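Take a look at the sequence and the model before reading on.

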Amino acid sequence: QMRLAESGGGLVQPGGSLRLSCTASGSYARINAMSWYRQAPGNHRELVATISSDGSTNYAGSVKGRFTISGDNANKTVFLQMNSLKAEDTAVYYCRNFAVWGQGTLVTVSS
């Protein structure tokens, strides 16, 4: 019964920044382990970043050094801070907790 909802997507210029949020709600909502994925049109869904309950994080090589995943357990929200955005970052971004997925939020990087 837990649900995830992403927000914060939009249009940004190359080199700009954007922060995505994913909030858990419903029965037993929590962010003990969360991941961010993205899917560009016509492409496979790829793993972008993960954060575990102990705070450890991992990133895809394409975003490492530019993106930061973090969580706010009190508000049951996980964030993805995206800096130095590139056109190739354009995609629908999804958050996931095990078998539960959000609906996605669109990020478009363009001039």
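Which residues does M82 touch, not counting residues up to four places away in sequence? They are G16, S17, L18, L20, R66, F67, Y93 and V107. Keep in mind that this is a predicted model.

## The nonpolar core

M82 also belongs to the largest nonpolar core. That core has 27 residues. Within it, W36, L80, M82 and Y93 touch the most other members. Strand β3 gives the most, with four residues.

In soluble globular proteins, nonpolar side chains tend to be buried together.

## The disulfide

How many disulfides are there? The count comes to one. This disulfide joins C22 to C95, with an S to S distance of 1.9 Å. C22 sits in strand β3 (residues 18-25) and C95 in strand β9 (residues 91-97), so the bond ties together parts that are 73 residues apart in sequence.

Are the two cysteines buried or exposed? C22 is buried, and C95 is buried too. The torsion about their S-S bond is about 60°, so the disulfide is right-handed.

## Two buried strand residues

S21 is placed in strand β3. Its relative accessibility is 13%, so S21 counts as buried; the cut-off for buried is under 20%. Leaving out residues up to four places away in sequence, S21 touches A5, E6, S7, W36, T77, V78 and F79. One of these, W36, is among the core residues that touch the most other members.

T50 lies in strand β5. At 19% relative accessibility, T50 also counts as buried, because the cut-off is under 20%. Which residues does T50 touch, again not counting residues up to four places away in sequence? They are M34, S35, S56, T57, N58 and I69.

## The largest pocket

The largest pocket has a volume of about 180 Å³. Its lining is made of R30, I31, N32, M34, I51, S52, S53, G55, G71, D72, N73 and V78. What kinds of residues are these? The lining divides into four nonpolar, six polar and two charged residues.

Two lining residues have come up already. M34 lines the pocket and is touched by T50. V78 lines the pocket and is touched by S21.

Technical notes: Residues are numbered from 1 along each chain as its sequence is written. This is a predicted model: local features need pLDDT of at least 70, side-chain atom pairs count only at pLDDT 80 or more; totals for chains, interfaces and linings use all residues. Side-chain values use heavy atoms; hydrogens and water are left out. A disulfide is a pair of cysteine sulfur atoms within 2.5 Å. Buried means under 20% relative accessible area, exposed over 50%, partly exposed in between (1.4 Å probe, protein chains only). A nonpolar core is a set of buried Ala, Val, Leu, Ile, Met, Phe, Trp, Tyr and Cys residues joined through side-chain atoms within 4.5 Å. Contact means heavy atoms within 4.5 Å. On a 1 Å grid over the protein atoms alone, a cavity is a set of points where a 1.4 Å probe fits but cannot get out, and a pocket is an open set with protein on both sides within 12 Å along at least five of seven lines; lining residues have an atom within 4 Å of a point. Grid points are joined across faces, edges and corners, and a volume is the space filled by probe spheres set on the points. Ala, Val, Leu, Ile, Met, Phe, Trp, Tyr, Cys and Pro count as nonpolar, Asp, Glu, Lys and Arg as charged, and the others, Gly among them, as polar.
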